[in-house]
Amino acid sequence: GEKYIYVINAEYVQGDLTGDIDDFQFVMHTKKGEKKYYDNPTKQSKYVSTKLSNNTGIDSSYLIGITVVNDECRVGVENLSKQFYIIQLNKLEELIKNIESRDIDKLDEKALEEAVQEISLMNRTRNKQ
């Protein structure tokens, strides 16, 4: 985006999710009516965002974590966060448009380019291991 860097991960969930964005686990309601615990995937987004911020020097408030789930998964997760989200795939574009419409300045292009280079280097280093 022009105002934020998006950390997006995808999850396929065979059921519906309920809970709170800060819960360690959500409740997954299966199609058979069972209730199971499901590890909160937004915790991974928070971890990756923190690591990116620490390794690149980008202020963590410019990193938005989004967990995208399949459209068949109904998401009933309470969320007061303006930084971490869990949504269905078909709502991703609208969410990003809404976030980008926030009244803040665009990212500094030079700082963004440096961050992209740092992330690229991290990926190359990790892939060699």
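These legends accompany close-up views of a predicted model. Local features need pLDDT of at least 70 and side-chain atom pairs pLDDT 80 or more, while totals for chains, interfaces and linings use all residues. Residues are numbered from 1 along each chain as its sequence is written, and side-chain values use heavy atoms, without hydrogens and water.

**View A. An open sheet of three strands, in the order 1-5-7, with parallel pairing.** Strand 1 (5–11) and strand 7 (84–88) are at the edges with a single partner strand each, so one side of each has no neighbour in the sheet. Strands are DSSP runs (E, at least two residues) numbered from the N terminus, and two of them pair if DSSP finds at least two bridges between them. Strand 1 is joined to strand 5 (residues 63–69) by seven bridges, and Glu11 is opposite Val69.

**View B. The salt bridge between Glu2 and Lys106.** A salt bridge is a side-chain nitrogen of Lys or Arg within 4 Å of a carboxyl oxygen of Asp or Glu; here the closest N and O atoms are 3.5 Å apart. Glu2 precedes strand 1 and Lys106 is in the loop between helix 2 (92–100) and helix 3 (109–128), so the pair ties together parts 104 residues apart in sequence. Helices are DSSP runs (H or I, at least four residues).

**View C. Asp16, Lys31 and Arg74 in a network of salt bridges.** The closest N and O atoms of Lys31 and Asp16 are 3.8 Å apart. Lys31 is exposed at 63% relative accessibility, whereas Asp16 is buried at 10% (buried, under 20% relative accessible area; exposed, over 50%; partly exposed, in between; 1.4 Å probe, protein chains only).
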